[in-house]
Amino acid sequence: MKLIFLGPPGAGKGTQAQRIEEAFSLRQLSTGDMLRAAVAAETEVGLLAKDIMARGDLVPDEVVVGIIADRIDQPDCANGFILDGFPRNLAQAQALDAMLLEKNIALDAVIELAVDSEVLIGRILKRAAESVSGPRADDTEEALQHRLQVYEQQTAPVADFYAGKGILRTLDGMQEMDEVTSQIKAALR
Ligand code: ADP
């Protein structure tokens with residue numbers, strides 16, 4: 001199964017993607033996690049991405065498109081994958097389309113978790129305060145506001161793009177986590 005998880009920061013995409021990864025033996029590919037690993041390892045990509053991420057902007061499309069193109073060819077993705085945090089704008093969605101066409105891969109579904117924006121800030125600041133590894137550089141109130149704005153302006157149109165293809169499933173991300181998981185599973189059956 002080839003899936004995309006869409007949703008604003010704090011919608012619970014990452015948690016749900018991990019659960020679905022396990023339940024369906026897929027591979028979760030989080031561009032945010034991969035970029036944070038690159039920043040920590042101070043690779044070339046990491047050095048380029050560090051400040052961009054800290055202020056809540058998007059790293060250049062060619063960087064993330066390249067990361068995903070390499071990753072989905074790996075043997076651990078043979079049974080399927082969940083793209084978490086990618087595509088994040090229309091250009092990335094179009095690049096993904098071309099990439100999948102070339103590899104003869106079809107997407108099965110795009111799961112969108114909808115959450116009211118007022119709820120998101122509270123969720124993320126709480127998560128940042130409780131994090132064992134310490135808060136992320138982009139979990140300040142200012143960067144967070146910017147991430148939400150970037151989501152509204154650049155990522156929300158991606159949902160329409162997949163709605164047009166008839167594969168968008170929008171679920172209520174404000175329900176309890178277990179309920180959201182059940183609904184995702186039901187949507188995939
Ligand atoms: P969240 O969804 O909570 O904002 P992510 O871990 O998905 O967190 O992303 C964190 C940051 O990583 C983004 O704000 C952005 O700077 C960068 N990033 C992640 N995925 C992409 C992407 N597909 N395109 C561009 N930048 C990305």
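Which element gives the most to the lining of the largest cavity? Strand 1 does, with three residues. Before going further, a word on what you're looking at: this is a predicted model, where local features need pLDDT of at least 70 and side-chain atom pairs count only at pLDDT 80 or more, while totals for chains, interfaces and linings use all residues. Residues are numbered from 1 along each chain as its sequence is written, and side-chain values use heavy atoms, with hydrogens and water left out.

**The cavity**

Let's stay with that cavity for a moment. On a 1 Å grid over the protein atoms alone, a cavity is a set of points where a 1.4 Å probe fits but cannot get out, and a pocket is an open set with protein on both sides within 12 Å along at least five of seven lines; a lining residue has an atom within 4 Å of a point. Grid points are joined across faces, edges and corners, and a volume is the space filled by probe spheres set on the points. Helices (H or I, at least four residues) and strands (E, at least two) are DSSP runs, numbered from the N terminus.

There's one cavity of 30 Å³ or more in the structure, and the volume of the largest cavity is about 60 Å³. Its lining includes Ile-4, Phe-5 and Leu-6, along with Phe-86, Pro-87 and Tyr-151. Strand 1 (2–6) and helix 7 (141–164) each bring at least two residues to this lining. Sorted by class, you get six nonpolar, three polar and two charged residues. Here Ala, Val, Leu, Ile, Met, Phe, Trp, Tyr, Cys and Pro count as nonpolar, Asp, Glu, Lys and Arg as charged, and the others, Gly among them, as polar.

Two of the lining residues, Phe-86 and Pro-87, are joined by a cis peptide bond with omega at about -5°. You'll find Pro-87 in the loop between strand 3 (81–84) and helix 5.

Now for the open space. The largest pocket holds about 1,200 Å³, and 50 residues line it, with Gly-10, Lys-13, Arg-127, Arg-136 and Arg-147 nearest its centre. Two or more lining residues come from each of helix 1 (13–24), strand 2 (27–30), helix 2, helix 6 (117–130), helix 7 and helix 8 (177–188). Helix 6 gives the most, with six residues. The lining as a whole splits into 16 nonpolar, 20 polar and 14 charged residues.

**The ligand**

An oxygen atom of the ligand sits 2.5 Å from a polar backbone atom of Asp-57, and a ligand nitrogen is 2.9 Å from a polar backbone atom of Gly-85. An oxygen of the ligand is also 3.2 Å from an N or O atom in the side chain of Arg-136. On its own the ligand has 550 Å² of accessible area, and the protein covers 96% of that. Such areas come from the Shrake-Rupley method with a 1.4 Å probe; for residues, only the protein chains shown count as cover.

The table lists residues by relative accessible area, where buried means under 20%, exposed over 50% and partly exposed in between (1.4 Å probe, protein chains only).

| Residue | Relative accessible area |
|---|---|
| Ala-106 | 54%, exposed |
| Glu-42 | 58%, exposed |
| Asn-104 | 70%, exposed |
| Ser-182 | 39%, partly exposed |
| Asp-116 | 39%, partly exposed |

Glu-42, in the loop between helix 2 (31–40) and helix 3 (44–55), has a positive phi near 55° although the residue isn't glycine. Asn-104 has a positive phi too, near 60°, and belongs to the loop between helix 5 and strand 4.

Ala-106 is in the loop between helix 5 (90–103) and strand 4 (109–114). Ala-106 and Lys-2 are 104 residues apart in sequence, yet 7.1 Å apart in space, C-alpha to C-alpha. Ser-182, in helix 8, has its C-alpha 9.8 Å from that of Ile-20, with 162 residues of chain separation. Asp-116 is in the loop between strand 4 and helix 6; its C-alpha is 23 Å from that of Ile-82, though the two are 34 residues apart along the chain.

Definitions and conventions: Polar contact = N/O pair within 3.5 Å; in protein donor to acceptor, adjacent residues only side chain to side chain.
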